[in-house]
Amino acid sequence: MRQINKVAVLGAGVMGATIAAHLANAGLEILLLDIVPKGLDKQEEAKGLTLDNPLVRNRIARNGLQGLLKMRPAPFYLKDYASQIQVGNLEDDLEKLKSCDWIIEVVIEYMPIKLDLLKKIVPNLAPGAILTTNTSGLSVNEMAAVLPAELRKNFLATHFFNPPRYMRLMEIVPCTETDPVVMNGLADFISKRLGKGIVYAKDTTNFIANRIGTYAIYKGIQHMVEMGMTVEEVDSVAGPATARPKSAAFRTADLVGLDTLGHVGTNSHDLLPDDEERGVFKMPDFMKKMIDAGQLGNKTKQGFYKKDVVDGKKQIFYYDYVSGEYKPLAKPKFASVQMVKQVDDPAQKVKMVVSAKDKGAEFAWKSLRDTLIYTVNRIPEIADDVVNVDNAMRWGFNWEIGPFEMLDAIGVAAFVKRAEKDGLKVPESLQGVESFYRFSATGQKEYFDFATRTYLPVPVKEGQIQLQILKKAGKVVEKNANCSVVDLGDGVFGFEFHSKMNSISGDILAMTHKAIKRAEEEGVGLVIGNHGTNFSVGANLMMVAVALAEGAYDDIAMAVKAFQKATMAVKYAKVPVVSAPFGMTLGGGAEFCLHSDGINAHAETYMGLVEIGVGLLPAGGGTKEMSLRSIELAQKNKTDVQPFIFKNFEQLAMAKVSMGAAELYGMDYMRHGDSISMDIDRLIGDAKQKVLALAVNYRPKRPAENIPAPGRGIAAAIKSQLWNMQMGNFITEYEAEMGTIIAQVMCGGDVNPGTLISEEYLLQLERENFLKLCGNKKTAERIQHMLKTGKPLRN
C-alpha cells in the first residue's frame, strides 16, 4: 500500500473539520475542501469583496478550520497543529487532490449529493490513491457503482465516530470489489497513526454500533413506557450499574442529538423491511414532538434533560414524556443499583443487577434480554464474528463490556433458560454455547465462532502486549493484591498496578523495589504500565485520612519516606525504567512517571501533580523533581532560574492537568526522547521497545549533588504574588499558605540563591512540609470532601 502523508477531507462541517483535526494530530498534511458559497456575507460585502475572491470562495472551509480552535472538547492535541491544514474549495482546488494519498468524503448524509461528488473528483485522483466515505450507514456498494473499476479496488467506508479525537471506534466497510490488501493496510495505518480501534462491518444499514446502540435505546424507551418508568429512573439503571457509560440512555441521546438519533432510527425502520424488530425503530410520538419543538439535547440546551436556574441555584430537570413538561430530578435509588456501587467488575455488576428483584432490575433484565437476542440475530448479517460486535459497542458507545461479554456474565445457558421462560423466541445459535470467550491451556484468548461452532483465537496486533494473557500463561514472577511483576519477554519485566483506580498503596511501594531488583538481576529493564481505566489516580487518600483522624503523624512520615524511596529507586535503577501512562495519571502516578528514565505515553494522557486539591504538596519526589527540572533548564539555557520556577510552581499551585500527552512537553513532565503512542493497544509494547533501545548502552544515574538553590528571593516574589491574589479575593488565606509552602520547597528553603544543596535535601523539605500541611485541620476537611464527592474543596 502507498505511504500516506497527505490526506484530503471533502466537507468542512463539524464532522469533516474534526476528522481533519485528528489527522493533523497524527502529523499528516491535510487539504480541507468544501463548496463555494452562493452569496456574500455581511463582512465580505463591507470589504467590497466579490464571489470571485479566494477569501470568499474558501470561506466555508476556512470557517470550519477556525471553528476547531474554539471547540470544546479540543479536537487538536495542540492548537499549533492547525497549521497543518490547508483550506480550499471543491471548484478551484480539485487539482490538488492529485497530491493526496488518501481522500475522505465527509459531506452531508444524502446519497445523491455523495454520488455527484464522487463522480466529480474521479478525474483528479492520483493512481493508487485511496478513496473512502465517512458514511454512517449508507450503502458503500451503491457509491462504488459510480466509480471506475480500477478505483473501486481502493474504495471503502471509514466511519469515524464523533468526536473523532476521543471516540476510538473506526468501522471499516469494504465494497464487493475492495482489494483486501488495501483495506488491511489502511486499517493498520488508522490503528497505528490515528489510534483507532478497528471493527470490520458489512454493507448493511447503520453498520454495527449504530444498529445495535440505537436498538438498545429505542427498546429501552419501549420498556420504560410499558413499565411506567421515568427517563431519570431508566438512566439510573442503564448506566454504570449495567456496564454502560455514565451518560446511560437518555443523556447519550442528548449528547448525540435527538435529531441525529431519530435519523438513525428512521433509517433502520425504512431501510430494513425484513428486520424482525423493525417496529422498534419507529420513532415514539413524544420524541417526534420534542424534535419538532427544538428539544434536541445538548446543542439546544434542552432534550431529555435541561439545566435551569431556580432561586439562584443551578438545577437539572428531566423530561416527563407523559405531560410533556420538565420535572426536577428525583434521584431514584433502586436497591439493585445501590448494591453494585462498590463493585468494580462490570461483568459482575450486570449479573448482580439482572438477578435482583426490584423494578430497576426488571427493567435491566428486559432491556438487556431483548438487546442481546437482537444482537445474536445480527450475526452474520452485520459482522462475521462476536469480537467485532463487542468491540464496536465498547469503542463506539462506551459500553464497559460488549453484548456477548454480557451473555458470558449472565451465563449463556442461564440466559437462554430465563428468556424462554419469559416466552421469547431464543436464537437457535445460542443452543449448546457454554461461553463466547475462554482461555486456552496456553493462555490464548479465544472466541466462539458461530460459522464453525468452534473456538478461534482472538486476533492480536503485531507488537501488542496483553498482560492478562501473559498472566494466564504463567508469566507472573511476583504479585500481591494490588500489583504484579510480569515477564514481558526479551529480558524486560512489567510492573502492573491493579488496585482500585490503580491508587498507590504501601504494598505497591514495597513491590517497586522487588520489581526493580528482578529487572536488575534477571533482565535488562522495566516497564511500569497496566490495562486499567486509568494509569493511576495517585496515592491512596483513604489511608491518609485514617492516619490524620488517628493523629498518626509518625505513620504518615514513614509512608511519605517509603513513597520517596520507591520513586528514587525508579530513578536510580541500574537498568532503564520506562513508564507507560494513559488516561488519568495524577499525583503519585505522575511522580512514578517523572522519575522514570523515559515516558511512552498514550496520546490521551491527563497528567498532573494535583495534591494541592486536598491541601497537600507532591511529596513522592514531585515537588523536588519540578524544582530540579527548573534548575536544569536554567543551566542549559544559561539564564535565570526564576521564570522556570514560576512556571512549574504555577502548575503545582493550580493543580494543572494536561489535556493530552502532547501538552506534557510544554509542562516539562515529558522531555526530549520521551514519546507518544496513538494506539493504546500498542502502548506497553512500545514502552518495551523503548526499554530495549535504552538498554543497549544504558548508563545509570547518581543522585544529584551540588545543586544551586533558587533561594529565598524567588520564594518571596511568589509569596508577594500570592498575597496580591489573596487581597483581590482570587484565592483564600489557606490557599496562599499552601502556595507559600510549595514555593519554599521548590526554592530550596530559607537559603541564599546559589547555595549548594542536594536532591536528598529537597526530599527532606518535601517530607517536612507535607507533614506541616497535614497538621492543618483544613487539609483533613479537603481530603474527606474529596473522598466523599470526588471534587476538590475551596476553603
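Predicted model: local features only at pLDDT ≥ 70, side-chain atom pairs only at ≥ 80, totals over all residues.

Biologist: Which nonpolar core residues have the most contacts inside the largest core?

Modeller: Those are Leu97, Ile103, Phe404 and Phe436, and the core they sit in has 114 residues. Helix H9, residues 209-227, gives the most to this core, with 9 residues. There is also a second, separate core of 95 residues, which includes Ile465, Val492, Ile556 and Met738.

Biologist: Okay, new topic. How many salt bridges does the structure hold?

Modeller: It holds 52 salt bridges. Take arginine 57 and aspartate 92, whose closest N and O atoms are 2.6 Å apart. Arginine 57 lies in helix H3 (residues 54-57) and aspartate 92 in the loop between strand S3 (85-89) and S4, so the pair ties together parts that are 35 residues apart in sequence.

Biologist: Is arginine 57 buried or exposed?

Modeller: Arginine 57 is buried, because its relative accessible area is 18% and the cut-off for buried is under 20%. Aspartate 92 is partly exposed, at 43%.

Biologist: Which parts of the chain does the aspartate 679 and arginine 168 pair link?

Modeller: That salt bridge has its closest N and O atoms 3.6 Å apart. Aspartate 679 is in the loop between strand S23 (675-677) and helix H28 (683-695), while arginine 168 is in the loop between strand S6 (155-160) and strand S7 (169-174). The two are 511 residues apart, so they count as distant parts of the chain.

Biologist: And how accessible is aspartate 679?

Modeller: Aspartate 679 has a relative accessible area of 2%, which makes it buried. Arginine 168 counts as buried too, at 19%. Both belong to a network of salt bridges that links Arg168, Asp188, Lys192, Lys461, Asp679, Asp681 and Arg682.

Biologist: What do glutamate 109 and lysine 114 do?

Modeller: Their side chains meet in a salt bridge, at 3.4 Å from N to O. Glutamate 109 counts as partly exposed, at 24% relative accessibility, whereas lysine 114 counts as buried, at 1%.

Biologist: Now aspartate 101. Where is that one?

Modeller: Aspartate 101 is in the loop between S3 and S4, and with a relative accessible area of 9% aspartate 101 is buried. Its side chain makes a polar contact with the side chain of arginine 2, at 2.9 Å.

Biologist: Which other residues is aspartate 101 in contact with?

Modeller: Leaving aside neighbours within four places in sequence, the list is Arg2, Gln3, Ile4, Asn5, Lys6, Ala129 and Ile130. Alanine 126 is 25 residues from aspartate 101 in sequence, and their C-alpha atoms are 7.7 Å apart in space.

Biologist: What about threonine 585, which backbone oxygen does its side chain reach?

Modeller: The one of phenylalanine 582, at 3.3 Å. Threonine 585 lies in strand S20, residues 583-586, and is buried at 0% relative accessible area. Its contacts beyond four places in sequence include Phe535, Cys593 and Tyr606.

Biologist: Last one: where is glycine 620 found?

Modeller: Glycine 620 is in the loop between strand S22 (605-608) and helix H25 (622-637). Glycine 620 is buried, with 3% relative accessible area, and touches Phe563, Gln564, Thr567, Glu591, His595 and Glu766, not counting residues up to four places away in sequence.

Biologist: How many Å apart are glycine 620 and isoleucine 113 in space?

Modeller: They are 59 Å apart, C-alpha to C-alpha, and 507 residues apart in sequence. Isoleucine 113 is one of the residues in that nonpolar surface patch.

Technical notes. Residues numbered from 1 in each chain as written. Heavy atoms only, no water. Patch = residues over 30% accessible without salt bridge, like charges linked within 9 Å, V, L, I, M, F, W, Y side chains within 5 Å. Areas by Shrake-Rupley, 256 points an atom, 1.4 Å probe, with all protein chains shown as cover. Salt bridge = Lys/Arg side-chain N within 4 Å of Asp/Glu carboxyl O. Core = buried A, V, L, I, M, F, W, Y, C linked by side-chain atoms within 4.5 Å. Buried < 20%, exposed > 50% of the residue type's maximum accessible area, 1.4 Å probe, protein only. Helix = DSSP H or I, 4+ residues; strand = E, 2+ residues; numbered from the N terminus. Polar contact = N/O pair within 3.5 Å; in protein donor to acceptor, adjacent residues only side chain to side chain. Contact = heavy atoms within 4.5 Å.
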